[in-house]
Amino acid sequence: MDILQINQTSDYKKAGPLQAHFNPYSYNGGTVLAIAGENFSVIASDTRLSEGFSIHTRENPKTYKLTDTTVLGACGFHGDVLTLTKVLDARLKIYEQDHHKQMTTGAVAAMLSTMLYHRRFFPYYVYNIVAGLDDEGKGCVYSFDPVGSYEREAYRAGGSASAMLQPLLDNQIGFKNQQGVTRIPLSREKAVNLVKDVFISAAERDIYTGDSILINVITKDGVTDERFPLRRD
Amino acid sequence: MSERYSFSLTTFSPSGKLVQIEYALAAVAAGSPSVGIKATNGVVLATEKKQKSILYDENSIHKIEMITKNVGMVYSGMGPDYRLLVKNARKLSQQYYLSYQEQIPTAQIVQRIANVMQEFTQSGGVRPFGVSLLIAGWDDDEERPYLYQCDPSGAYFAWKATAMGKNYVNGKTFLEKRYSDNLELEDAVHTAILTLKESFEGQMTEDNIEIGICNKDGFRRLTPAEVKDYLASVQ
């Protein structure tokens, strides 16, 4: 019971009772950002995978194509990201075989929420954002917490630099804290440029964000890829 | 200690038949007639609801029931078995909605109900359901009507028009002559009533038949007043 080691007379430290611990999670960083337009959606992520002060790889995008109209952005603990995307892909395939059609973006979001909540007491350590087109062809973005709480939004930043990106998006897309500005609907070009700019800013200050960005644009014609380099320090 | 059998009571006969299912189908064929007709813009379900005594409170229990906003069903055979399936179907539809935040497509609910019925032909200590179901649905994204039949075996069939219960052979023959691909819902209701009339003993009134329709506005059971109007145009 010598926890304070007051009566320890030797010069070297002797370990007292130790509790074995195994941390099932680790944090691999990464940032995801999605914006919903009138007839398109944009979802972008950085491509760096880190752990502590190390970089695992500079080429690991965090967006995953689920259907022709839905892309998932997922970051956090990479092990859970991989498993979650595998299970999601399987569920989507089964749905397609049963229904003879692809899942709508709204249905994917609802299903993801139930999948996450099923692990309420040992969560998937993943921050998810689902972006795509709704059944009217309009852009939609759904953001999630690790246990499945979700909401449809116009734009959302998730992951390590989310706190830096979200306020900027609030200002530029939501026109918050601006007076007397004409609200023009966001065009595809403007959205993509905004995404590039905010990621450049995030890479300046967040150590987990950098290397390059992968931008997916979802329209009725499909999903396009666009890469853009970021600072590698 | 459980009194449950672990073996199925539905077993194969030497000729390869599942006799329990055959008997269940016999129970269905002895039940009151029901009819389903798919039109270009909707589906109609109709059934005879003859009560054994005038003391029955006719409008308290319904044979035609809604499962979701867009799906309804009717049966021929044993009422209590039907009740269970209705409850089950409703629960399954809501489970689907919980997962996908979308109304269950008609083909999906039919598959799920049929699966339940099949389980009762292979599970321990249970007997098959003594009902055949007619399920009518409207799918919003495809904007088209569906009509399915589910049998005690768990088999399901998509129909353009069909009859079940007493005299179903005559009913189907009648429908084969009367059915056309460009029938509209109004005409389909008319035809359904005529089909029921073929096997009806006595005077058909709005209290001894039930009619349900399913179109883009969803599924609903017709009120006795509406049924009376349709009957007037028939008689």
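In chain A of this predicted model, helix α1 (residues 78–99) packs against helix α2 (residues 105–118) at an angle of about 130°, with the axes 11 Å apart. Helices here are DSSP runs of H or I with at least four residues, and strands are E runs of at least two; axes are lines fitted to C-alpha atoms over the stretch in contact, with angles from 0 to 180 degrees between N-to-C directions. The pair α1(A) and α2(A) is therefore oblique, because angles under 35 degrees count as roughly parallel, over 145 as roughly antiparallel, 65 to 115 as roughly perpendicular and the rest as oblique.

The residues that meet (contact means heavy atoms within 4.5 Å) are these:

| Helix | Residues in the contact |
|---|---|
| α1(A) | A:Leu84, A:Val87, A:Leu88, A:Arg91, A:Leu92 |
| α2(A) | A:Val108, A:Met111, A:Leu112, A:Met115, A:Leu116 |

Now to the cores. A nonpolar core is a set of buried Ala, Val, Leu, Ile, Met, Phe, Trp, Tyr and Cys residues joined through side-chain atoms within 4.5 Å, where buried means under 20% relative accessible area with a 1.4 Å probe, protein chains only. The largest one has 48 residues, and B:Met73, B:Leu85, B:Ile113, B:Leu133 and B:Ile135 have the most contacts inside it. Apart from that core lies another of 28 residues, including B:Leu175 and B:Phe200.

Chain A as a whole has 4 helices and 12 strands. Of its 233 residues, 48% count as buried.

Residues are numbered from 1 along each chain as its sequence is written, and chains are lettered from A in the order in which they are written. Local features need pLDDT of at least 70, side-chain atom pairs count only at pLDDT 80 or more, and totals for chains, interfaces and linings use all residues, while side-chain values use heavy atoms, leaving out hydrogens and water.

Conventions: Buried < 20%, exposed > 50% of the residue type's maximum accessible area, 1.4 Å probe, protein only.
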